[in-house]
Amino acid sequence: MAAIPSILTRRPPGGRPHHRLDLDGSRDLRLLKGPWAKGFAVALAVAYFVIPGSLSETTLRTLCYCGVYAIGAIGLNLLTGFTGQVSLGHAAFFGAGAYCSAYLGSTRGWPFLAYIAAAVVVGLAIGGLVGPFAARLRGNYLAVVTIGLLFLAQHLFTNWDTVTGGGSGVSVGEAAIAIGPLDFRSLELGGLTYTFVQGMFWLIWAFVALTALLAKNIVRSRAGRALQAIRDRDLSAEIIGVQPTRYKVGAFALAGACAAVAGAFYALLQNYVNPSEFGGRIGLFLSITFVAMIIMGGVGTVFGSILGALLVEYGRRFIAEQGADAPLFGIPVEKGWLTTGELNGVLFGGLIVLFLLIEPRGLAALWLRIKTWFMSWPFSY
Amino acid sequence: MSGLLLGAISADAWIETIFSGVALGAKYALVALGFVVVFKATGVINFAQASLVLVGGYLCWNFAATWGWNFYLALLASMVGGALLGLLLEVLILRRMSGEAPFTLIMVTIGILFVIDNIVTAIWGAEGRDLPDPWGLRTYRFGKVDIAVADVWTIGITVLVLGAFFAMFRLTTLGLAMRASALDQEAALAQGIAPKRVYQVAWACAGAVGAVAGVMLASGSGSLNPALGLLALVAFPAMILGGLESPGGAVIGGIIIGLVQQLTALLAPEYFDWIGSGFEVVSPYFVMVIILLVRPTGLFGQKEVRRV
Amino acid sequence: MKKQPWLRLLALLLTLALGAAACGGSSNDDDDATATTAAGGGGEEKPAGDPEPTTGFDGTTIKLGVLTPTSGAASIIGKPLAVGNQVYFDRLNAEGGVAGKYKVELDVRDTAYAEATAIQEYNATKGGVLMYTQIMGTAIIKAVLSQMKQDGIAGSPATLDADWIREPNLIPLGGPYQVQVINGLDWYMKKGGGEGKQVCSLAQDDPYGDAGQEGVDHAGEELGFEPGPRVDFAVATADFTTQINQLESAGCEAVVLVATPLDASGALNKAAQAGFAPTWLVVSPGFLKLLYAGDLAPYATEHVKVLSEGGNWGDESIPGMAQMLEDLATYGGDQVPDPYFAFGYSQARAVHQVLEKAVELGDLSHEGILKAITSIDELTFDGLLGDYKYGAIEDRDPPRASTIFKFDAAAPTGLTAQEANYESEAAKSFDFG
């Protein structure tokens with residue numbers, strides 16, 4: 001009996017407990033647990049500043065796209081990974097954000113932070129509008145109905161041509177990308193000029209960090225635990241006092257906002273947007289890409305969303321760039337029977353299946369496993 | 001009254017449009033039946049059904065056009081081929097995933113879809129092909145109304161497949177086993193039903209029906225091309241409308257969607273031009289969303305019983 | 001709150017990292033220096049000199065980009081186009097290359113016929129290529145064009161839109177859709193027995209459809225007839241019953257069909273079933289032999305005319321054709337006769353003429369190519385396509401002749417010329433702005 005109070009005090013008389021032993025809830029909820037996490041955060045911060053100076057324009061641009069998709073994937077993970085609501089309509093929200101850049105930013109000439117804020121508001125609003133309808137549907141029905149959202153969005157984008165430029169698309173070249181004195185189109189710092197892509201890398205990945213932090217803070221709060229309770233068993237959650245509809249709508253709104261911000265940045269990178277990118281067949285492919293990112297990265301982890309975006313987008317670009325000459329069964333791809341485009345499709349589909357079969361919790365779980373192995377060494381088995 | 005209803009559109013145009021809507025709906029229904037048989041037995045929404053449709057169509061073309069087989073023999077062979085492919089998918093992949101969340105199962109079938117679609121274009125190319133079906137462009141003529149022979153066959157075959165499903169689910173022990181195992185897998189297991197067999201049969205059926213759907217989509221005025229998978233996307237609203245587990249519902253859903261699409265194309269330019277061009281492409285989804293808001297499990301779907 | 005040592009470490013490392021990041025920028029002085037060298041390298045002062053190595057040209061090899069769909073449904077067009085590009089340059093390389101010494105290499109990238117992918121592929125390749133020898137698809141070109149202008153990079157479009165004629169960064173070839181339609185209707189009215197007949201159109205509901213309709217309207221004004229209704233359809237329409245009904249009830253006796261192959265064959269099949277048999281004037285992108293040669297063949301032989309350019313496939317009396325067939329046999333591998341192959345081949349030929357001009361001017365850089373485009377008087381094709389007047393951008397004038405083909409299942413490409421190189425006054429009078 002005497003042993004119990006001694007565990008509850010921070011410093012038991014017989015020496016220090018293992019540093020991994022969490023004695024109260026607040027320690028478990030910390031953002032960065034242990035020295036390794038802190039070291040990793042420092043390394044990331046260093047990489048953030050070093051990368052634009054050391055990689056080629058092409059690679060940097062790919063990393064910019066990775067960042068854009070990461071923002072969207074974090075949003076989808078909040079909805080699918082943490083709340084358990086399947087959405088194949090993510091591209092519609094993404095498109096709404098892209099048109100905020102194109103119309104408000106480029107056509108109407110709003111300042112950067114204003115149209116990004118508008119994208120957040122539009123995303124929240126559409127998510128909040130779709131949410132109550134979606135909350136009525138479950139699982140399989142929800143998945144297919146969200147596909148309907150893509151077709152409705154495409155029709156709207158194509159026919160509302162005073163805003164979207166209609167089927168022939170609209171340029172985003174006139175949108176200002178400046179925060180105060182920092183113009184990210186041609187960043188000037190200390191007498192040095194940086195290219196558009198270098199500036200965008202810093203801007204986008206700063207927003208990735210911001211989104212990740214926000215998401216992380218949501219999931220480790222009361223609201224986040226409510227979302228996960230709904231995912232795990234919504235009826236049980238309701239019984240213990242969580243209102244599923246309210247939280248589901250909230251999750252849809254958040255996911256919508258993230259996707260819209262991602263879309264706004266995407267439009268800036270692309271310099272041009274067209275309705276067909278966000279609706280119909282291509283929109284469905286984009287939505288599927290987001291889902292694939294969170295599956296490969298790790299469903300229900302914020303960090304995994306970023307890993308997934310990096311893997312899927314970087315991998316796709318890598319095949320497109322290097323695939324033509326790569327030997328597949330000993331024959332260079334372009335000389336064999338698959339084109340690089342087809343190879344990309346096969347690998348994309350194949351990886352989704354393989355991850356779900358072998359490691360359904362994605363790269364994040366793989367990382368966790370490695371970490372645990374080292375943490376519990378020499379008793380790792 | 002008739003003047004008000006018909007307006008600028010002739011009675012013949014109405015009849016032809018409605019018939020083409022039903023024929024188109026029958027094609028969607030054939031695709032949707034493939035979805036339903038897998039869902040009913042295994043609880044999986046099989047996005048890869050679109051690839052089974054594609055593979056079936058190309059197999060039939062390969063047998064009939066390249067190897068010169070008799071068309072009906074080629075159709076049967078492609079059904080066997082489709083069934084084998086369905087079986088293979090079940091044994092290699094889906095079997096290992098049983099009991100997973102709907103989200104996971106959907107994504108597995110989407111992954112399969114990407115792999116198969118790209119391999120199909122790699123093998124047979126992206127060229128459009130004309131299927132050497134015996135119906136061609138022949139039509140039956142009733143007064144001034146032309147009705148395509150291929151469309152009549154499509155409707156007939158859809159009814160036939162629906163009848164076969166009905167007979168299988170209601171009259172055979174296998175069908176009973178499928179229904180039981182879909183209802184409650186553990187209870188079915190306790191009654192001595194082997195779920196493996198049920199799953200295999202369901203996937204094989206889906207493959208065979210997919211092949212028929214592929215051939216019917218490509219016959220008559222249609223053609224065989226990789227975009228057939230897109231048509232299968234329109235079968236989603238059909239399946240959802242009818243309720244995921246009802247074969248009869250899939251057929252009715254398909255016909256509703258076909259009619260809605262054709263009537264939109266007929267009436268939109270005349271009466272509601274403001275809605276924007278190309279609304280017939282969107283209308284199936286529009287109808288689906290509205291019906292689902294009223295009935296969240298479709299017209300004939302079973303209300304889900306949820307337990308804590 | 002307790003001061004945390006790792007925060008201090010973070011601050012220190014960030015300072016170091018910022019220093020490292022600064023190395024990635026370029027100082028303004030450097031930029032000016034490069035600009036001067038580039039200007040000094042080319043220019044009229046020393047036209048005979050060898051061009052300086054720049055982006056996409058390392059002194060011996062010229063690298064060109066190709067943005068085309070090689071996967072998905074549109075690869076049916078993209079693949080033969082890319083083979084056409086490749087075969088021409090293979091022959092050229094075997095003869096020594098541009099100006100007899102610079103080899104040409106192609107970087108073919110798959111756009112999957114999606115704007116988003118195309119923009120990414122453009123950005124991924126623009127730092128390594130001198131120009132683009134092929135960009136396929138109207139929507140795709142529109143998507144990358146503003147970026148190309150910003151980067152000062154030129155490219156050749158693989159579509160016949162009239163919008164490209166006045167674009168300084170594009171190297172269009174062939175007569176635009178408007179010209180095809182006007183010539184087709186002029187021929188139909190004067191030689192095809194269409195005098196006083198009702199002419200309608202069945203057109204895609206997008207800018208491509210609009211281009212075809214412009215031709216119909218212009219022909220109506222010039223030839224003095226009132227065009228019948230334009231019936232619209234959405235891309236990938238599942239069933240054309242209602243559209244055919246509308247045309248039939250409007251009493252159309254000739255229909256200009258502005259579509260892509262799958263929709264075109266879908267509409268023709270439905271018309272054949274409905275027993276609706278006007279004269280179909282199909283704008284060139286709507287034709288694909290495989291889709292017309294099946295059940296549709298008898299109907300197509302009787303009622304379909306395809307509006308395009310050039311002569312019959314295999315007609316060795318056309319010098320450009322003879323050369324192309326020889327090259328196809330030598331370098332083409334298993335490529336079958338295909339109008340898209342021929343277009344890709346002609347396109348490479350156009351780009352080759354621009355490259356020769358740039359070498360002549362002594363500047364193989366992005367700016368040098370733009371200058372070469374305006375310095376060429378005429379792009380010639382030896383009869384494969386009509387010759388295209390170049391020069392200053394506002395003086396460009398596309399060929400005004402079209403060939404009216406009839407469907408012929410026995411011909412290698414499925415087409416036989418009914419009226420070759422038909423050049424109407426109405427087509428000559430069309431003003432491209």
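Two strands pair if DSSP finds at least two bridges between them. Strands (E, at least two residues) and helices (H or I, at least four) are DSSP runs, numbered from the N terminus.

I noted first that this is a predicted model, where local features need pLDDT of at least 70, side-chain atom pairs count only at pLDDT 80 or more, and totals for chains, interfaces and linings use all residues. Residues are numbered from 1 along each chain as its sequence is written, and chains are lettered from A and ligands numbered from 1 in the order in which they are written.

**Chain C, strands**

I looked up β13(C), residues 402-407. With β10(C), residues 304-308, it runs antiparallel, joined by 4 bridges. C:Val306 has C:Phe405 as its bridge partner. I then followed β13(C) to β14(C), residues 415-422; 5 bridges join these antiparallel strands. There C:Phe407 is partnered by C:Leu415. Is β13(C) mostly covered or mostly open? I found 5 of its 6 residues buried (20 or more other C-beta atoms within 10 Å of the residue's own, C-beta atoms being placed from the backbone).

**Chain A, helices**

I turned to α14(A), residues 302-322, and α15(A), residues 340-358. Their axes (lines fitted to C-alpha atoms over the stretch in contact) come within 9 Å and cross at roughly 150°. The two helices are therefore roughly antiparallel (over 145 degrees, between N-to-C directions).

I listed the contacts (C-beta atoms, placed from the backbone, within 7 Å). A:Arg316, A:Ile319 and A:Ala320 of α14(A) meet A:Thr340, A:Leu343, A:Asn344 and A:Leu347 of α15(A). I sorted these contact residues into 4 nonpolar, 2 polar and 1 charged.

Definitions and conventions: Axes fitted to C-alpha atoms, helices over the stretch in contact; angles between N-to-C directions. Parallel < 35°, antiparallel > 145°, perpendicular 65-115°, else oblique. Contact = placed C-beta atoms within 7 Å. Nonpolar A, V, L, I, M, F, W, Y, C, P; charged D, E, K, R; others polar. Buried ≥ 20, exposed ≤ 12 C-beta atoms within 10 Å, placed from the backbone.
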